[in-house]
Amino acid sequence: MNTKLANKITYQIPVGPIHPALKEPVQFEFEIEGEKIINVDVSLGHVHRSVEWAGTRRNPIQILYLAERICGICSYCHPMAFSLATERAAEIEVPERAQYIRVIHQELERICSHILWAGVAAHEIGFDSVLFLTWQIREKALDLTEYLTGNRVTKGITMIGGVRRDITKDMYPTILEGMKYFKDNFEKIRKIFLDDKTFKLRSQGCGILTKEDALKLCAVGPTTRASGVKKDVRVDQPYFAFGDLDFDYITPDLITGEINGDVYDRIIVRLLEVKESIDLIEQCLDKMPSGDIVSEKKIAKLLSILKKADGEGIGRMEAPRGEVFHYVKLNGNESPHHWKVRAPTYSNILPWIPMLKGNQIADIPIVAASTDPCMSCTNRVAIIDNGKKYQLDKQKLYELSVEKTRRLM
Amino acid sequence: MTKNILSPEEIVQSFKDEFKTKIVNSRIEKHIRGLKKTEFFHIWIRTDRSIIKDLVKHLIKLEKYPHFAVSSGYDMGEKIEIVYHFSIYYGLKGKEVNINITVDLPKSDPTIDTITDLIPGALISEQEKQEMLGIKVNNIPKDSRVFISEDYPEDTFPWRKDEKGPGETIRNLHEVKK
């Protein structure tokens, strides 16, 4: 323990490790002076599942279903990024119609994920009525996912060279009705998150990530865009059919006219992205060409093409949390020679350090949640003071956060 | 803010001019998507490991903060290959170019210089390559494991496909150091 002055004692607080449900398990070690965070250390890998290793023992089609289970929220992005990488390695072309359907599923997943996050963020600062409101809206997104894919969580829609299910004209009314429902509720959510006094007090000026830090630490997704960095794979490298659609980078200055890189800015970015996703889905339904939905219908034939392929490729996509990156190397065998998975949180871990420094313990839940990881990391928290260990569980940490909100009200 | 944007061919040429024979080979992958036939490019460069730092410095000349996604690495029998995945020209609507740089590390001396002094965001990636492939990153600022637990044997590496690979350990992880 560091002691500079008798009254300036710093404490070590380990936060984590994480719940096994997370793809990026994490543990924080905080150095605390009073209520203030002086330093943070992050350690990972508490529940590493060796997914990449397991992948090199399966064929590419089997990997799709393994990749789907990397994350419960991005259960579309991972198999799709894997399939993008494999298509490049094996030089498989995807029909245009499939590219449009792929956009629709991706944007629907973004709506699901961002609304889920909004509820979690509200819960972290003790605003539970908002949690129930947002998750009620999210139910509609899940219903729509079920309608389009047959599943609510692991969607099973991805196929190398296309998608597994078509979106036909008779499905349009249900999709458009869903979009209308989101649009009707958007204003309600916007008002709560952006105009509410308590929300502003807890999120403005809290967990700041400067533009320079975001660039240096290679942050991705809404986390980096809230700091004013224009990085969005959908616009930067228009994969799927994004080149045909009309949209732009979302940065917080679109609403406030300035960029602070705080939690409030990250809320703005996610909210605007929900609106953008609704618009993108409508544009896709409008412009979708007719044609095939998959380049090779016969799985056995597709497998034999993949078995002969010798090459490497990368698959990049803008997942709800940021850029997801897969690398695949095929070498003429049944299983890939190497498969590397880089989920967005992998790149958003180092930015946590500058974000958390200087904040209070009560801010840990909302700052950590603002990058949209799974918050179960705060399940097991212990404070070590002078060798004595105090347990500070998620409940206590959450109470501290709620208390802070009450003080501000 | 205007940026001098080089075409993919010019980017590859600029690497060849700067590093001459140290660039072993290169290829440009063109991708066309959608009804409007939007194009984007992935560049693949294979190079000598001794110049990895200078390569990143050269990238910084093209883009002040090159985006570093991750590095991949795999066992190729006699050698280990590491692929660094960078991208530049982000934020310019459709102009972003991926640059994938492959380096070979012989198994007799699997070492490479760190790039974290130039790109701090590369730390976790470099730590991961050390523990998964048994390579040594020179001057890495934090030389600890990230994903593998501390009680995992020190002389086996999960991604190796030779005698240093996990082998039967993988079936008996519960017995390790017990």
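Biologist: Where does helix α3 (residues 77-90) of chain A lie, and at what angle does α3 run to β7(A)?

Modeller: Happy to start there. In this predicted model, α3 of chain A lies across β7, β8 and β9 of chain A and runs at about 145° to β7(A).

Biologist: How should I read the sheet under discussion, and what is its strand order?

Modeller: As a general idea, strands of a sheet pair through backbone hydrogen bonds, and the pairing is either parallel or antiparallel. Here the sheet is open, has 3 strands in the order β7-β8-β9 of chain A, and its pairing is antiparallel.

Biologist: Which strands stand at the edges?

Modeller: β7 (310-319) and β9 (338-342) of chain A do; each has a single partner strand, so one side of each lacks a neighbour in the sheet. On average, and with direction ignored, neighbouring strands here are turned by 10° against each other.

Biologist: How many bridges join β7(A) to β8 of chain A?

Modeller: There are 10 bridges between β7(A) and β8 (residues 322-331) of chain A, and the two strands run antiparallel. To pick out one example on screen, find A:Gly311, whose bridge partner in β8(A) is A:Leu330.

Biologist: Now for helix packing: what describes a pair of packed helices?

Modeller: Two quantities do: the angle between the helix axes and the distance between those axes. Take α5 (residues 128-149) and α6 (residues 172-195) of chain A, whose axes come within 11 Å and cross at roughly 165°. α5(A) and α6(A) are therefore roughly antiparallel to each other.

Biologist: Is the crossing of α5(A) and α6(A) left-handed or right-handed?

Modeller: α5(A) passes α6(A) in a left-handed crossing. On the α5(A) side the contact includes A:Val130, A:Ile137 and A:Leu144, while A:Ile175, A:Gly178 and A:Ile189 are among the residues from α6(A). The residues of this contact divide into 8 nonpolar, 4 polar and 1 charged.

Biologist: Let's zoom out. How is chain A divided into domains?

Modeller: The domain assignment gives domain 1 (3-47 + 349-408) and domain 2 (51-346). Their contact takes 24 residues from domain 1 of chain A and 28 from domain 2 of chain A. On the domain 1 side, α15 (352-356), α16 (364-369) and α17 (394-408) of chain A each supply at least two residues. That side divides into 15 nonpolar, 5 polar and 4 charged residues.

Biologist: And between the chains, how many residues are in contact?

Modeller: 35 residues of chain B are in contact with 37 residues of chain A. Elements of chain B that each supply at least two residues to its side include β1 (23-33), β3 (67-75) and α3 (123-133). β3(B) gives the most, with 6 residues. The chain B side divides into 18 nonpolar, 12 polar and 5 charged residues.

Note on methods
Residues numbered from 1 in each chain as written. Chains lettered and ligands numbered in written order. Predicted model: local features only at pLDDT ≥ 70, side-chain atom pairs only at ≥ 80, totals over all residues. Contact = placed C-beta atoms within 7 Å. Helix = DSSP H or I, 4+ residues; strand = E, 2+ residues; numbered from the N terminus. Nonpolar A, V, L, I, M, F, W, Y, C, P; charged D, E, K, R; others polar. Domains from an automatic or database assignment. Axes fitted to C-alpha atoms, helices over the stretch in contact; angles between N-to-C directions. Parallel < 35°, antiparallel > 145°, perpendicular 65-115°, else oblique. Left-handed = near helix turned anticlockwise from the far one by under 90°. Pairing = 2+ DSSP bridges.
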